[in-house]
Each structure stands twice: as structure tokens, then as C-alpha cells.
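Look at the fold shown here before reading on. The briefing below takes up a sheet, a helix and a pocket in turn.

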Amino acid sequence: MKILIIIPAYNEAENIVNVVENLKSKYQMFDYVVVNDGSRDKTAEICRNNKYNLVDLPINLGLSGAFQTGMKYAYYNNYDYAIQYDGDGQHNPEYIEGMVRSAEKNGLDIVIGSRFVTEKKPHTLRMMGNSLIELCMLLTSRKRIRDATSGMRLYNKRMIKKLATTMNCGPEPDTIAYLLRCGAKVEEYQVHMNERVAGESYLNLTRSIKYMFHMCSSILIVQWFRDKEN
């Protein structure tokens with residue numbers, strides 16, 4: 001079984017070594033690829049100096065472009081599963097084997113590393129947005145995804161092909177909602193996530209509100225104009 005960890009990285013010079021070295025030292029059973037998304041810092045230089053497996057995009061394509069680049073890499077190299085994995089150190093690779101087992105046992109297309117399968121969702125402003133997206137997905141797909149905004153997801157071979165070859169399928173909740181409508185089997189798997197160690201998150205308060213509005217409108221309106229391809 002071939003499993004690829006896809007690490008989109010934009011300005012992660014302070015985190016990328018810890019992320020990759022942890023994988024290399026403790027999880028050699030998994031392959032990985034760092035997709036440097038046109039970083040303005042030394043992310044690419046650090047990866048080259050350390051001889052990390054690197055796809056170096058010459059310009060910033062955004063998370064969706066970097067994600068699809070990683071999916072194309074997985075598709076063309078015939079991987080069985082691909083893991084969407086943040087380059088900021090928030091995700092824990094110890095859960096990957098369990099996510100794979102869940103996919104194999106239950107015939108799942110997508111497994112979401114979720115903070116809220118057995119844990120209660122906190123009542124914060126950010127989690128209010130998460131809950132609103134959860135409600136939109138429930139209304140449109142009749143499937144409750146408690147941690148729709150989780151950036152740690154596992155995709156099987158069928159989903160790898162679809163995400164590598166279909167336009168406008170980014171690593172976001174609206175894509176999960178769309179794939180559910182296409183018949184994808186999706187479940188969540190309890191994980192713990194770390195706080196960002198260094199650097200700044202792209203999502204400040206203003207961007208978080210815009211993101212929530214964009215996701216909800218996409219799930220409720222835009223996705224109905226997309227073809228339901230198998």
C-alpha cells in the first residue's frame with residue numbers, strides 16, 4: 001500500500017524542518033512531498049538544502065493550486081492514499097495509520113481528521129463559523145461533518161484521480177460537500193491538533209469572516225451548478 005503525505009507550504013521556513021524531520025525519523029512507512037507554493041521566505045531553500053522531496057512552484061497559486069499539484073503528484077505516481085497535511089506543525093502523523101484502517105475497514109473515500117468526534121466543540125467565534133458551515137453541509141448533503149474545516153484529510157485512489165483531474169476542487173469544505181453529493185463515502189476520525197508553533201496563520205478575523213461567507217454561499221448555492229461526476 002502506497003501512502004503519500006502532501007504538505008502544501010507557503011512561508012513555512014520556521015516550521016518545515018520540524019514537520020518533515022518528524023515524518024522522516026518516525027514514519028518512514030509513508031512517502032511525503034512538500035509543495036512549496038511560491039514562498040517569499042526560505043522555505044524552498046531549506047527544503048533543497050536538506051534534500052527533501054520537493055515540488056517548487058515558481059509563483060504563489062494559493063492553497064487550492066498547491067493542493068491540486070500534490071494530488072497530481074499522487075495520481076501520476078499511483079498512490080493508494082493521499083493525506084492532506086499542514087506544514088505548520090498542527091497535524092500529528094500518529095493518527096494516519098488509524099485513518100487508513102478506517103478507510104479500509106469501512107470502504108471510505110475520504111476520512112477527515114476531526115477534533116470533534118468524541119470531544120465537544122468549544123463555544124468560540126471561530127467555532128461558530130465552523131458550526132455554520134457544518135449546518136450548511138448537513139442541509140445540502142444530509143451528512144453531519146462536525147469538523148468541516150479540518151485541514152487533515154485522507155483521500156483514496158478514486159478521490160485522488162478526481163481531485164487531480166477536475167477543475168475547482170480545492171481542499172475546502174465546499175469540495176467535501178460537492179463530493180458527498182457525488183456519492184463519496186466520508187467519515188471523521190478523532191485526532192488532536194497542535195497550536196501553530198511559529199509564523200502567522202493566514203486567517204485573521206476579517207479573513208475568517210470572508211472565508212465563512214464564501215464557504216457557506218458556495219455550499220448552499222454554487223455547488224448546485226456543478227456537474228455531479230462519478
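The notes that follow are grouped by topic.

This is a predicted model, in which local features need pLDDT of at least 70 and side-chain atom pairs count only at pLDDT 80 or more, while totals for chains, interfaces and linings use all residues. Residues are numbered from 1 along each chain as its sequence is written, and side-chain values use heavy atoms, with hydrogens and water left out.

**Sheet**
- An open sheet with mixed pairing is formed by 7 strands, in the order β3-β2-β1-β4-β6-β5-β7.
- Strands are DSSP runs of E with at least two residues, numbered from the N terminus, and two of them pair if DSSP finds at least two bridges between them.
- β3 (54–57) and β7 (186–190) are at the edges with a single partner strand each, so one side of each has no neighbour in the sheet.
- Strand β1 (residues 3–9) pairs with strand β4 (residues 81–84) in the parallel sense over 4 bridges.
- Ile-5 has Ile-83 in β4 as its bridge partner.

**Helix α7**
- Helices are DSSP runs of H or I with at least four residues.
- In helix α7 (residues 173–181), 9 of 9 residues are buried (under 20% relative accessible area, with a 1.4 Å probe and protein chains only).
- Among these buried residues are Asp-174 and Arg-181.
- Gly-183, which follows α7, has a positive phi near 105 degrees.

**Second largest pocket**
- By class, the lining of the second largest pocket has 5 nonpolar, 8 polar and 5 charged residues.
- Asp, Glu, Lys and Arg count as charged; Ala, Val, Leu, Ile, Met, Phe, Trp, Tyr, Cys and Pro as nonpolar; and the others, Gly among them, as polar.

Note on methods
Buried < 20%, exposed > 50% of the residue type's maximum accessible area, 1.4 Å probe, protein only.
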